[in-house]
Structures are given as C-alpha cells and as structure tokens.
Amino acid sequence: MVQPTDRELVDQARGGDAGAFGLLVRRHQKRIFRLAFHLVRSGAEAEDVTQETFVRAYQALGRFDGRSEPFTWLYRIAVNLSLNTIRARKPTRDSTSSDDPRVEGLLRETRLTFGSDPATASQQRQLAAALCDGIDALSDTLRTTLILVCIDGIAHEEASKILGCPEGTVAWRVHEARRKLREYLAARGFGGDAV
C-alpha cells in the first residue's frame, strides 16, 4: 500500500481527518524533537517544544498555503519555538556536564569507536563535550543553522526555506560556525580538524 505524502496528509487533516494529522505527527515527531533538543539543550523543554509545534501546526492547518513542504513548515515552527524558549530562560549553564545526552548522541552519530582503549575513549568523550560547549557558545543564528545542516542533515535549499534566508546565507553561516568551532576547540587543546 502506498503511503500518503505529507501534503496529502495535510489536505486530509484540513478535511477533518484527525488520523491523518496523527500520522503526520508520528512521521516527524522524532526529527522535531531531535532538532529542538539540540537547540534548547534540555529534554523536558524539547518535549514541550515538540508538543507545542504540533499543536500550533494543527491550529494553523487552514493557513498552510502549500508554498513549502509540510516538513519545512513544521521545522520553521519548531525553530521559532526553540529560539523563544532559549530567549525566555536565564543562562544557567557554563559547560556541558559529563552526563549530557548530547555527548552520547554525538559519539554515536559520528560513529566514534573506542575499542578497548580507555584513554582513547576518554579523549573522544572530552572532545565531544568540548564540541557541545562550542556549539552552545555560538550565536542562536549560527547554532540553529549548523544544527539544521550539519547535525540534522537538511540541505541548504531546505534550510533556507526553514530559516527564511537565502541559500548563500545558510552556506556562510555554516562556514562561520565551523570556523568558530575550530577556534574554540583549538583554544582548548583539540586539533582544528575535528569539525
């Protein structure tokens, strides 16, 4: 059986099919959560952002004009809500804790393997924690763009639609974020080619 496209699901949901919207949620919920988690750096807040993203999308179904893909529309809502969450909170964190789940995710996503060498494992964990700290130190704009393109794998064209800026701006932001991360890591004794 052929799965309906996101656009078809949106059209069905507009027609009152709650199941269609539920399928759209299930299809994108994990990616929206992952994006929010990388941006807000808190599991509880990421869950709130994810839930609010879908609530707002459901409420705005009638206003979805179809100029972009539903996925892009959902991401844009999630990015805006994540940035609002960041701006609303007071800064409380100076560095990444050793049990930050982003460190484990980064190690897993980059497929770093340690073998049986505890020293190498410790160095890789330190590098991952420093990389998370460096990402946290970026401006909201650079961090959001870097997360969309480099962590979530969104193409520059799609990221430009999500962020509402030209593709060239996305490319510059990724370049600038990587440059700043290299400097950040080098200042902490890590090789500049880790990013």
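Predicted model: local features only at pLDDT ≥ 70, side-chain atom pairs only at ≥ 80, totals over all residues.
**Helix packing in an all-helix model**

In helix α8, H156, E157, A159, S160 and L163 make contact with E167, V170, A171, R173 and V174 of helix α9. Sorted by class, the contact of α8 with α9 has 5 nonpolar, 2 polar and 3 charged residues.

How do the two helices sit against each other? In general, two packed helices are described by the angle between their axes and the distance between the axes. Here α8 covers residues 156-163 and α9 covers residues 167-187, and their axes come within 8 Å and cross at roughly 100°. An angle of 65 to 115 degrees counts as roughly perpendicular, and α8 and α9 are therefore roughly perpendicular to each other.

Now the whole protein. Of its 195 residues, 45% are buried. Among contacts with a separation of 6 or more, 62% are between residues 24 or more positions apart.

Next, the other end of the chain. Which residues of helix α1 are buried? In α1, residues 6-14, they are D6, L9, V10 and A13. Seen down the axis of α1, these buried residues fall within an arc of 100°, so they line one face of the helix. The background is that an α-helix has 3.6 residues a turn, so residues three or four places apart point the same way. The cover over the buried residues of α1 includes α2 (18-40) and α4 (70-88). Just after α1 comes G16, with a positive phi of about 100°.

On to the core. The largest nonpolar core holds 52 residues, and F21, L35, W73, Y75, V79 and L148 touch the most other members. At least two residues of this core come from each of α1, α2, α3 (43-59), α4, α6 (118-137), α7 (140-151), α8 and α9.

Take W73 from that list. Leaving aside residues up to four places away in sequence, W73 touches A57, A60, L61, F64 and S68.

Is S68 buried or exposed? Buried means under 20% relative accessible area; S68 has 18%, so S68 is buried. With residues up to four places away in sequence again not counted, S68 touches R7 and W73.

That is where I stop.

Notes. Residues numbered from 1 in each chain as written. Heavy atoms only, no water. Buried < 20%, exposed > 50% of the residue type's maximum accessible area, 1.4 Å probe, protein only. Helix = DSSP H or I, 4+ residues; strand = E, 2+ residues; numbered from the N terminus. Arc of directions from axis to C-beta. Contact = heavy atoms within 4.5 Å. Axes fitted to C-alpha atoms, helices over the stretch in contact; angles between N-to-C directions. Parallel < 35°, antiparallel > 145°, perpendicular 65-115°, else oblique. Nonpolar A, V, L, I, M, F, W, Y, C, P; charged D, E, K, R; others polar. Core = buried A, V, L, I, M, F, W, Y, C linked by side-chain atoms within 4.5 Å.
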